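Subject: Structure for you to look over

Hi,

Here is the structure I said I would pass on. Please open it first, then read my notes below.

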Amino acid sequence: MSEHPDAWIILRVTIIQRGEPVEELRVLAGWFGGYTQSDRWRINSGIVSVEADEREYRFRGHSGSVYVCQRHAYGLSSIMQSGLRLAERLPQFRSIEPLEDQDWTAIQL
């Protein structure tokens, strides 16, 4: 399944797995609903691979989904800010850090 968000950022998160802290990168994505639907946001399951071309990044997650993210759309929408504040209060996240835009193909996963 592929997702095509209108806006996106990368988060460095620390989660607890089997009682141990694990750091990983995740996509925080947002979609603009327009007139007929509500805006929405989602955090992916964790990035396992990144592919890119001159227009977009493709982030594959642990769940198998692929987030197709336009390079020019890096940024936080208001609905994504609300989602980030909510996620920061969830017990499975020990810490969440939004990262600055960069060449995501060069990151170590």
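This is a predicted model: local features need pLDDT of at least 70, side-chain atom pairs count only at pLDDT 80 or more; totals for chains, interfaces and linings use all residues.

Fold. The protein chain has 8 strands and 1 helix. In sequence order the pattern is β-β-β-β-β-β-β-α-β. Of the contacts with a separation of 6 or more, 51% join residues 24 or more positions apart.

Dimensions. The C-alpha trace spans about 45 × 30 × 25 Å along its principal axes. The radius of gyration is 14 Å. A compact globule of 109 residues would come out near 13 Å, so the two agree.

Surface. The protein chain exposes about 6,500 Å². Carbon and sulfur atoms supply 46% of that area. Buried residues make up 41% of the 109. On charge, there are 12 positive and 15 negative. Their mean positions lie 6 Å apart.

Core. The largest nonpolar core holds 29 residues. Those touching the most other members are W8, I10, L11, V27, F59 and W104. Two or more core residues come from each of β2 (7-17), β3 (20-31), β5 (47-52), β6 (56-61), β7 (66-70), α1 (78-88) and β8 (93-98). β2 gives the largest share, with 7 residues.

Best wishes

Note on methods: Residues are numbered from 1 along each chain as its sequence is written. Side-chain values use heavy atoms; hydrogens and water are left out. Helices (H or I, at least four residues) and strands (E, at least two) are DSSP runs, numbered from the N terminus. The radius of gyration is taken over C-alpha atoms; the globule rule is 2.2 Å times the number of residues to the power 0.38. Buried means under 20% relative accessible area, exposed over 50%, partly exposed in between (1.4 Å probe, protein chains only). Contact means heavy atoms within 4.5 Å. Accessible areas come from the Shrake-Rupley method with a 1.4 Å probe; for residues, only the protein chains shown count as cover. Lys and Arg count as positive and Asp and Glu as negative; His and the chain ends are not counted. The place of a charge is taken as NZ of Lys, CZ of Arg, CG of Asp or CD of Glu. A nonpolar core is a set of buried Ala, Val, Leu, Ile, Met, Phe, Trp, Tyr and Cys residues joined through side-chain atoms within 4.5 Å.
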